[in-house]
Protein chains: 4
Amino acid sequence: MLDDLKQQVYRANMTLHRSGLVLLTFGNVSGLDAEAQLVAIKPSGVSYEELQPEQMVVLDLDGVVVEGDLRPSSDTPTHLELYRQFPGIGGITHTHSTYATAWAQARRPLPCYGTTHADYFRGPVPLTNNLTTEALTGDYELETGKAIVAAFEDIDHHQVPGVLVVSHGPFTWGSSPAEAVENAIVLEQVALTATLTESLQPQARSISSQLLDKHFLRKHGKDAYYGQAR
Amino acid sequence: MLDDLKQQVYRANMTLHRSGLVLLTFGNVSGLDAEAQLVAIKPSGVSYEELQPEQMVVLDLDGVVVEGDLRPSSDTPTHLELYRQFPGIGGITHTHSTYATAWAQARRPLPCYGTTHADYFRGPVPLTNNLTTEALTGDYELETGKAIVAAFEDIDHHQVPGVLVVSHGPFTWGSSPAEAVENAIVLEQVALTATLTESLQPQARSISSQLLDKHFLRKHGKDAYYGQAR
Amino acid sequence: MLDDLKQQVYRANMTLHRSGLVLLTFGNVSGLDAEAQLVAIKPSGVSYEELQPEQMVVLDLDGVVVEGDLRPSSDTPTHLELYRQFPGIGGITHTHSTYATAWAQARRPLPCYGTTHADYFRGPVPLTNNLTTEALTGDYELETGKAIVAAFEDIDHHQVPGVLVVSHGPFTWGSSPAEAVENAIVLEQVALTATLTESLQPQARSISSQLLDKHFLRKHGKDAYYGQAR
Amino acid sequence: MLDDLKQQVYRANMTLHRSGLVLLTFGNVSGLDAEAQLVAIKPSGVSYEELQPEQMVVLDLDGVVVEGDLRPSSDTPTHLELYRQFPGIGGITHTHSTYATAWAQARRPLPCYGTTHADYFRGPVPLTNNLTTEALTGDYELETGKAIVAAFEDIDHHQVPGVLVVSHGPFTWGSSPAEAVENAIVLEQVALTATLTESLQPQARSISSQLLDKHFLRKHGKDAYYGQAR
C-alpha cells in the first residue's frame, strides 16, 4: 500500500540523516499522497542505521494508523495539521538542526540577509508564538501545528516554506518529501550565514525587496530561468 | 570475567571515538555490573585505534584492580565515587568535548534554552565548585568526584544526568555505558546550541518550567510516549 | 570540441564539490580557451553527483552557445563579462561559501589580517556596490559582472583574484579553472580566520604593507621562491 | 641515508594532513637526527596526496642540503634556528590551523583557560614580536626563528612546546616529529576552546597555577601517572 510514497519518505529521511542535520534519532520526514489523502511518516525513535522503507507508518489525516506496526513519530499531529491547513504541500521535515534551532531558542525570526536565503524563502522565516499553558498541557503536538498555521496568517506558505517553532526548532515543507528536506538543508545554511553576518555587522540589514524578488523569482514561478527546463 | 560488561564498555568507548567528541586518547567510558559491584573502564592513554575489549580494566568499588594488565584511566577514582554515591547508574562518560568544555572553562552552568536540552536534562547542567588547595594537591581525582556529588545536593542525578567540572570538562552518566555516551553526545549538542543562542540574543532566557517538564516527561518516566514501547 | 577545456572545467567543478564549499547544486566553475575565445561552464542546476565532462556548455564571449544540450549556469553572463574585461584570466569560480558569503552579507570588504591572506591576495578583497533598480530588473547577471569590474578600477585583478558581490557571495579567478578553485578555497579560509580574528580582537588591524608584500611576492612574480622551480 | 628519520617525518606530515589542520600544501613537519646533527623536512609546495618518504629533504644545521632533489620547505631556516637554539627537541611542526592562526592574527598570546591546555602547555602560549623592517626584508625565515627564540627568553621550551608567530600562525615542537604534530593538534583544540570560552565569558580568567601544575605534572616529568608505564 502506497509503496511509492513510503519509498519516497524513506529516502528523504535517509537524505536528512546523511545531510548532517540530525543527531541520533532526532528529526523526521513525512509525505502526503494527495489523492488517497494519506500520510507516510518515520516511526518514532528508530535509528536511521536500522530504518527500512516498510517501517514507514501510514495514517489518514485524522491520525488513524492505516498501516504499520510501529508508533509514528511523536510529532505526527503537527505534520497532520500542516497537511490539513496548507493546501498543495506534499512533504514535511522537522529537525533540531544547530543554527536554525539557535534562532528558535533566541526567539527571533530569521531575517533575509542575502541571496541564498532569497533563492528559497521570499522573506523572513517566521517564529511561532509561545504556547499557552493550556496548549502545552493539552494536545501539545497538535497545538504546535496550530501555532505554525497562525504564524502564516499573512504569509504565503508556498513562498516561505519553513518556520521556526519557538524554543524548539524548524519545520520545512515542499511539494514532495525530497523538496522538504532540501528546504531544511538550505534553511540551516542560511541560519548559519545569518548568524555570522550579525557577528560581523551587528547592524546588519535585510536585502532590498527588489533583490529578494529577483532571486526568488529566478528560481520559482512562471518566469524562472534557473536549472534545466522540465 | 564480566565479558559482557567489558564488551559493552569497549563498544561505548568506540562509539564515543566515532562521535567526534574526543581528540587523541582523551575521554573514557566505564560501566558497572551492579550485581557483582565491579566496574570496567578504559585503560589510560591507549589509542582508540588499538583498543581491544579484553583491555578493559576491572576494579571493585574501592579501586582494587581485579582483572587487567594495564593501568585504568587516570580518572578512575572520579568514576568510582559517582558509582558509590549515585544509586542506579550503570555507565559514566568523561570527555573534553569542545562546547561543553567551553562552558566549564567559562565557569558557567549550562542553562536550558530549548527543547532538545529538555528532552535529556530536566534543568540546567550544574557546574562544580573550584577545588581547594588541599583537594588539588591531595587525592585529586577522588576530590573531583566528591565535588560532582556536592553539586547534586539539590538535584536528582537521574533527571540531570551530567555535570560540568569547572575549568575541566563534562561527565555524563546513564543506566548503561551506551546511555552515558548518548548523554555526552546530546550535552555537547545543547552546549553548542546554547552558545549560539547567546550570540544571537545576549538576554536569552531559559524555557518555562512547563515546556521543560513537557519535553522531559515525553521521553522519561511512566507517561513517556516517545519511541517504541519496550 | 575543446575536450581538454571541458575536462579541466569538469574536474575543477568536482574539486569544488569535494572541497565542501558548495551545498546542493550551488556554485559553478568556468574556463576560457584563450586562443579559440570560447568558454566552457557548468550547466545550470545539475547535481554534482550526476555531472559529466561532456555536459559542460561551450559558449563564445557574446554568450552564443556553440556546443551543449543543457542550459549554461544562470551566472554565465557574469563570467563572460569578467573574461572580456580581465585580460589574462583562464578560469572563474562562483560559490556561496559560508564565511565569504557572510562578509558579503555584512557588506564589508575582507581586510588582510594575516599572512595566509597575503600569500594569495595582495590587499583587501573588495566588495561590489549595490546594483541600481535598473540593473536589478534589467540584465541582472551581466550587471553583476559590470559591478565586479567597477570594483577593480584601482586594483590589479591579477594581484587580488577575487571579489565579494554584495549580499550575494564570492567570485574568484585565476590562470586556469583549477587555480580559480584554489583561490575560492583560500578565500573561504581567510574569511573564516578573519571572522575569528575580529571576535578575539574587535580592534584588529590589517598587517603592514611590508609583511603583505613579503608574503605575496614569496609566492608570485619573478622573485618567488615558494614551491618547486618549474 | 637517515631512512628512519625520513620515514618518521613523512608519517608525521601525513598525520598532519589527515588531522584537518592544513589546507592545500600549507604546513610542514621536520625531524632532527641528534647524533648526525641532520634535519629532514617536507619539500616546498608538494601536495600531501603525492608526497613520498624519499622526497624528504635532508640538511645540516647550517642549511646545506645533503640529500634530496627538491627544494626544502620555504620555512626551513625557521626550523633550523629552533633546532640550534632549543636543545633536546627532535621535531617541529608549522601550520596555519584556523584557531591558532586567529589568535596570532589577533596578536594575542593564548591564555590557559582549562585543563586540556594545562595537560600540554604549562602556561600561556606566547606571541612573537613584530619583525622590524630590516628583518622582514632581510633573511625573513631566519628572523622568524630568532623572534620565536626571543619569545622564550623567560619560558622553558620543554614546558611550553609551541608559539604563535604574530600575524602568521603557530609552530610547535616535541621530542619527535610525531610529538610535534600531537602538540599542533592540541594547540588548535585549546585555541578553539579558548575562543569559545571568551565568547561565553568576556571576563574569563586563567586557571590557578595549582591546577595548571597538577595537570601538567600528571602527564610530564618523574611523577607523571597518565598513560601506561614505559
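This is a predicted model: local features need pLDDT of at least 70, side-chain atom pairs count only at pLDDT 80 or more; totals for chains, interfaces and linings use all residues.

1. Over all chains the structure holds 16 aromatic pairs. One of them joins B:Phe86 and B:Trp173, with 5.1 Å from centre to centre and 55 degrees between the planes, a tilted arrangement. B:Phe86 lies in the loop between helix H2 (76-85) and strand E5 (91-94) of chain B, and B:Trp173 lies in strand E7 (residues 169-174), so this pair ties together parts that are 87 residues apart in sequence. Both B:Phe86 and B:Trp173 are buried. In chain A, ring pairs link A:Phe86, A:Phe152 and A:Trp173 into a cluster.

2. While you have chain B on screen, have a look at B:Ser73. This residue is found in the loop between strand E4 (65-67) and H2 of chain B. B:Ser73 has a relative accessible area of 6%, and because buried means under 20%, B:Ser73 is classed as buried. Leaving aside residues up to four places away in sequence, B:Ser73 touches B:Asn28, B:Ile41, B:Lys42, B:Pro43 and B:Ser44.

3. Now to the interface of chain D and chain B. Here 33 residues of chain D are in contact with 30 residues of chain B. The buried area comes to about 2,800 Å², with carbon and sulfur atoms giving 54%. On the chain D side, D:Leu200, D:Tyr226 and D:Gln228 lose the most area to chain B, together 23% of what that side buries.

4. What about polar links across this interface? The rule finds two salt bridges between chain D and chain B. D:Arg218 forms a salt bridge with B:Glu141, whose closest N and O atoms are 2.6 Å apart. There are also 17 residue pairs in polar contact across the interface of chain D and chain B. Helix H4 (115-120), helix H7 (177-200) and helix H8 (209-219) of chain D each supply at least two residues of the side that touches chain B. The largest share, eleven residues, comes from H7(D). By type, that side of chain D has 13 nonpolar, 14 polar and six charged residues.

5. A:Leu200, A:Tyr226 and A:Gln228 supply 23% of the area that chain A buries against chain C, more than any other three residues. The count of salt bridges between chain A and chain C is two. C:Asp75 and A:Arg218 meet through their side chains in a salt bridge, at 3.6 Å from N to O.

6. Finally, which chains do not touch? Chain B and chain C make no contact, and their nearest C-alpha atoms are 11 Å apart. No contact joins chain A and chain D, whose closest C-alpha atoms lie 11 Å apart.

Methods. Residues are numbered from 1 along each chain as its sequence is written. Chains are lettered from A and ligands numbered from 1 in the order in which they are written. Side-chain values use heavy atoms; hydrogens and water are left out. Contact means heavy atoms within 4.5 Å. Buried area is the accessible area (1.4 Å probe) that two parts lose on being put together, summed over both. A salt bridge is a side-chain nitrogen of Lys or Arg within 4 Å of a carboxyl oxygen of Asp or Glu. A polar contact is a pair of N or O atoms within 3.5 Å; within protein, one must be able to donate a hydrogen and the other to accept it, and residues adjacent in sequence count only if both atoms are side-chain atoms. Helices (H or I, at least four residues) and strands (E, at least two) are DSSP runs, numbered from the N terminus. Ala, Val, Leu, Ile, Met, Phe, Trp, Tyr, Cys and Pro count as nonpolar, Asp, Glu, Lys and Arg as charged, and the others, Gly among them, as polar. Rings of Phe, Tyr and Trp (its six-membered ring) pair if their centres lie within 6.5 Å; planes under 30 degrees apart count as stacked, over 60 as edge-to-face and the rest as tilted. Buried means under 20% relative accessible area, exposed over 50%, partly exposed in between (1.4 Å probe, protein chains only).
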